[in-house]
Amino acid sequence: MFKGSMPALVTPFRNGALDLETLKKLVEWHIGEGSHGLVPVGTTGESPTLSHEEHETVIETVVKAAAGRVPVIAGAGSNNTVEAIRFVEHAARVGADAALVVTPYYNKPTQRGLIAHYTALHDCADIPIFIYNIPGRSVIDMTPETMGELAKLPRIVGVKDATGDMARVCDTRITCGADFIQMCAEDAVAHGFNAVGGVGCISVTANVAPKLLSQMQEACLAGDFATALDIQTKLMPLHKAIFTEPGLVGAKYAMSRLGLCSDEVRLPLTSLADETKALVDAGLEHAGLM
């Protein structure tokens, strides 16, 4: 169920408020373009600036719009275990297929604390959980050994890995087993990630180029890494341009250029600088999207 290209969905806004009609249209578009799943209210969905009520509204809207056609992995992370329990329970209640839980940021728990945090989330609801390991944002790195301990719990099913470390994929495979689902979180290395044991990518660029990225992931899953590399080469300037500034801002600008949604973001994020816009435009042209 959990494999291939899964957009880390942006949350569209209009005049500061949630734009739910556009969100529903994006769900339809992504499914039509071949995306293999949807991941609302991660960092790319601007989770830090959504209220709890907005967070839950977006999750429920995406689940209803997807209507079982593709799996929905609901963003459900917090550095407060009680808040994360609320989000995991809500994801289970509204019918999400899994929950994505980031390692607690800022308060820097020990590996022992990580085990306690994820165990509490595992025990609170009957829903599969993906660990989101992103040391660059959370400042802590869950070790493969810790992940191996958590993988013994039946509902800890996989990881969204943002380390960018290809060796980590093999290490995790050893500690967690071959059935543990490893999803890449870095678009620029998603092709290589699959070659060493990954099965897909929770992707920012897939907000902009879902068809190309679903084709790339399908090629990888079929063992056709030559075709996958051709697609990745076509997309690499766009990957780099989108992440010149915070990736969700680059993705929203690119989507606005394609007429998909507004480029509006919430403070403290701001719209792209003109020179970054030029890079994104060039990336869109290189990918054949403009």
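Start by selecting helix H2 (52–66), helix H3 (81–94), strand E5 (98–102) and helix H5 (135–138): each of them supplies at least two residues to the lining of the largest pocket. Keep in mind as you look around that this is a predicted model. The space in that pocket comes to about 600 Å³. To find its centre, pick Gly-42, Thr-43, Ser-47, Pro-48 and Tyr-105, the closest to it of the 29 lining residues. Colour the lining by type and you'll get 14 nonpolar, 11 polar and four charged residues.

Next, hop to the second largest pocket, with about 270 Å³ of space. Select Tyr-132, Ile-134, Arg-137, Val-204 and Phe-243, which lie closest to its centre among 18 lining residues. Here the lining splits into 10 nonpolar, four polar and four charged.

Now go to helix H9, residues 210–221. Its end C-alpha atoms are 16 Å apart, which agrees with the 16 Å that 12 residues should span at 1.5 Å a residue. Show its side chains: the buried ones include Leu-212, Leu-213, Met-216 and Cys-220.

Last stop: the cysteines. Cys-220 counts as buried because its relative accessibility is 7%, while Cys-124, at 21%, counts as partly exposed. The closest cysteine sulfur to that of Cys-220 is in Cys-201, 10 Å away, so it is too far for a bond. The disulfide count is zero.

Conventions: Residues numbered from 1 in each chain as written. Predicted model: local features only at pLDDT ≥ 70, side-chain atom pairs only at ≥ 80, totals over all residues. Heavy atoms only, no water. Helix = DSSP H or I, 4+ residues; strand = E, 2+ residues; numbered from the N terminus. Expected span 1.5 Å × (residues − 1). Buried < 20%, exposed > 50% of the residue type's maximum accessible area, 1.4 Å probe, protein only. Disulfide = S-S within 2.5 Å. 1 Å grid on protein atoms, 1.4 Å probe; cavity = no way out; pocket = protein on both sides within 12 Å on 5 of 7 lines; lining within 4 Å. Points joined across faces, edges and corners; volume = space filled by probe spheres on them. Nonpolar A, V, L, I, M, F, W, Y, C, P; charged D, E, K, R; others polar.
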